[in-house]
Amino acid sequence: MTAPDGAAQTDTVAETPVSGTESEPVARTRHPEKARRPDQPSPRKPHWIRVKAPTSREAAEVRQLMRDKKLATVCEEAACPNIGECWHRRHASFMILGEICTRACAFCNVRTGKPDGVDEDEPARLAASVAAMGLRHVVVTSVDRDDLADGGAGQFARCITAIRATDTGTTVEVLTPDFRDKPGALETVMDTPPDVFNHNLETVPRLYPSIRPGARYFTSLRLLQRAKELRPDVFTKSGLMVGLGETRAEVLQVMDDLRAADVDFLTVGQYLQPTRKHAAVDRFVPPEDFEDLARVARAKGFLLVSASPLTRSSHHADRDFVALRDARRAQTRGL
Ligand code: SF4
């Protein structure tokens, strides 16, 4: 769903952040389409949702590098609860194609509205930052760019090419939008190709109209399946949030759908409400339920599963890539 252009009319309505590491009121409305919605309930977080603030020297260096290179991270834009831990390890997920998304998902903290044009210098700056940080593995994601003819696929390809050209051996994981199913978009990305192709289903199909209204479940599922058909050697990955009101049976059905689409890696994490204008948390899923989901998912044949309250699709992506490669080797050897 395209966000309205009229951000100015609601610019004075501040949102109250309720999750992640943010502690100050958002200075201006990031989500004009949500500003007039009633506040949603915001239950207290349980003790197992504990996060570290990004206060280390390493985190400060990552932040400075992003400012110097004029780059955005989904870590900051999505108010990710893991930012303290990840940035301390100098692991960040880059967000390309600007900081303004053309959709208006009910779970997402990324700013919505009318985006700027494509920054042609962005791939070079991104590649330089990846080299400067000495990253072995990098995650590149983007806002939805339904306004672009290719949905932003060309910029993904240019970023992958620029990172490869640094000759650092950095492996590349892309976490893409659905490109609104635009003809040729997925092919543009898979022609380059990345080492990991990730596209998150986010939630169960029944909740799409309220949680991911601009997307279609089967379009997303088919995108993952086509990615594997185009490049069987590229790992495919998808993620789900739980705690939005889905049932266990619905989650298991999504797992079956993903396995039918030949997806290699599943991540499952707790939904956290970014502001009171976003969808309410239905429940905080206890850690033992994540362990149960992980056990079931492994039994269904995923090469790798990561499921815990603070799992996010790019959390520990570097270590997980090594684990994915090892799992594939073991599978090939019939271990
Ligand atoms: S989990 Fe991903 S988005 Fe969150 S801080 Fe870590 S790298 Fe950034």
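Student: Which helices each supply at least two residues of the shell around the ligand?
Tutor: Those are α2 (74-77) and α3 (83-88); helices here are DSSP runs of H or I, at least four residues, numbered from the N terminus. This is a predicted model, where local features need pLDDT of at least 70, side-chain atom pairs count only at pLDDT 80 or more, and totals for chains, interfaces and linings use all residues. Residues are numbered from 1 along each chain as its sequence is written.

Student: Which residues are around the ligand?
Tutor: Val74, Cys75, Cys80, Asn82, Ile83, Cys86, His91, Ala92, Ser93, Arg312, Ser314 and His315, each with its C-beta atom, placed from the backbone, within 6 Å of the ligand.

Student: Switching topic, how do α4 and α5 pack?
Tutor: Helix α4 (residues 122-133) and helix α5 (residues 153-165) meet at an angle of about 40°, their axes 8 Å apart. Axes are lines fitted to C-alpha atoms over the stretch in contact, and angles run from 0 to 180 degrees between N-to-C directions.

Student: Why are they called oblique?
Tutor: Angles under 35 degrees count as roughly parallel, over 145 as roughly antiparallel, 65 to 115 as roughly perpendicular and the rest as oblique, so α4 and α5 are oblique to each other.

Student: And what happens just after α1?
Tutor: Lys70 adopts a positive phi of about 55° there.

Student: How far apart are the end C-alpha atoms of α1?
Tutor: They are 16 Å apart.

Note on methods: Expected span 1.5 Å × (residues − 1).
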